[in-house]
Amino acid sequence: MSAPLAPARPNPVALAVRDSSTMLRRNLLHARRYPSLTLNLLLTPIMLLLLFVYIFGDVMSAGIGGSDRSDYIAYIVPGILMMTIGGTVVGTAVSVATDMNEGIIARFRTMAIHRGSVLVGHVAGSVLQCVASVVLVGAVGVAIGFRSVDASVLEWLAAFGLLALFSLALTWIAVGMGLSSPNAEAAANSAQPLVLLPLISSAFIPADTMPGWFRPIAEYQPFTPAIETLRGLLLGTGIGHNGWLAVAWCLGLAVLGYFWSTSKYDSDAK
């Protein structure tokens, strides 16, 4: 009689994908069951969009050299979309800190699941939430008059890719903030720069119209080149050097956030 065949060893990559998909579903179900945080984070960019368009629109349009409110709508919407990403990932930091504080991640560590699937599930879920939030805020922008008629299909695809890459970069930073925070409140506070930085960028007015002492703050940060690149892609205008600056910021933040998150996650397990 021939010897029985040994059971085939499971493919590590297949296991990682399976476990990461499970964690992704878990995070999406959690977000669907408790939508209040996401909705609250969405209110800020929507309210700012409506405020600046309908209250300050004519004045701000004149300040950027526009002829009417529609010119300012075209200017502000790309900045608001980037601000939406910054606000949405605050929820990711809070979610990760909550899982850490309640011992859920410690429980996952004792289970026979791929080690990195917990973080991958949070990151993938956050990027999907960012994309959904951008679509909702973008729909509000279209409803009040934003149009992107001069952009080509390639520019639209590049704009979507930039939004996804920026979401990924900020999500990894937010995960690191969540893992480093003792509780959800501290995580929300530590992630506030991701909400405040767009306010001091070129989202609302061009950086070259700012006072000389303040201009470097607006120029040398990740949001301004990302906003300028997205604005150029959506409006079909030039992006200059902002394109590679935006990609460099995204890649740098993603790498920094990844190593920060994984090192913190591994150190807490010891």
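Q: How many helices and how many strands are there in the chain?
A: This is a predicted model, where local features need pLDDT of at least 70, side-chain atom pairs count only at pLDDT 80 or more, and totals for chains, interfaces and linings use all residues. Residues are numbered from 1 along each chain as its sequence is written, and side-chain values use heavy atoms, with hydrogens and water left out. Helices are DSSP runs of H or I with at least four residues, and strands are runs of E with at least two. The chain has 12 helices and zero strands.

Q: Which residues does UniProt list for "transmembrane region"?
A: The entry is unreviewed. Such annotations may be inferred rather than shown by experiment. The record lists 34–57, 72–97, 118–144, 156–179 and 243–261.

Q: How far apart are the end C-alpha atoms of residues 72–97?
A: UniProt lists this stretch under "transmembrane region". In the model it is 100% helix and 0% strand. Its end C-alpha atoms are separated by 38 Å.

Q: What is the end C-alpha separation over residues 243–261?
A: This stretch is also in the UniProt list. It is 100% helix and 0% strand. The end C-alpha atoms lie apart by 27 Å.

Q: What share of the residues of the chain count as buried?
A: Buried means under 20% relative accessible area, with a 1.4 Å probe and protein chains only. The chain has 270 residues. The buried share is 44%.

Q: How far apart lie the centres of the positive and negative side chains?
A: Lys and Arg count as positive, Asp and Glu as negative. The chain has 15 positive and 14 negative side chains. The centres of the two sets are separated by 16 Å.

Technical notes:
Buried < 20%, exposed > 50% of the residue type's maximum accessible area, 1.4 Å probe, protein only. Charge placed at Lys NZ, Arg CZ, Asp CG, Glu CD.
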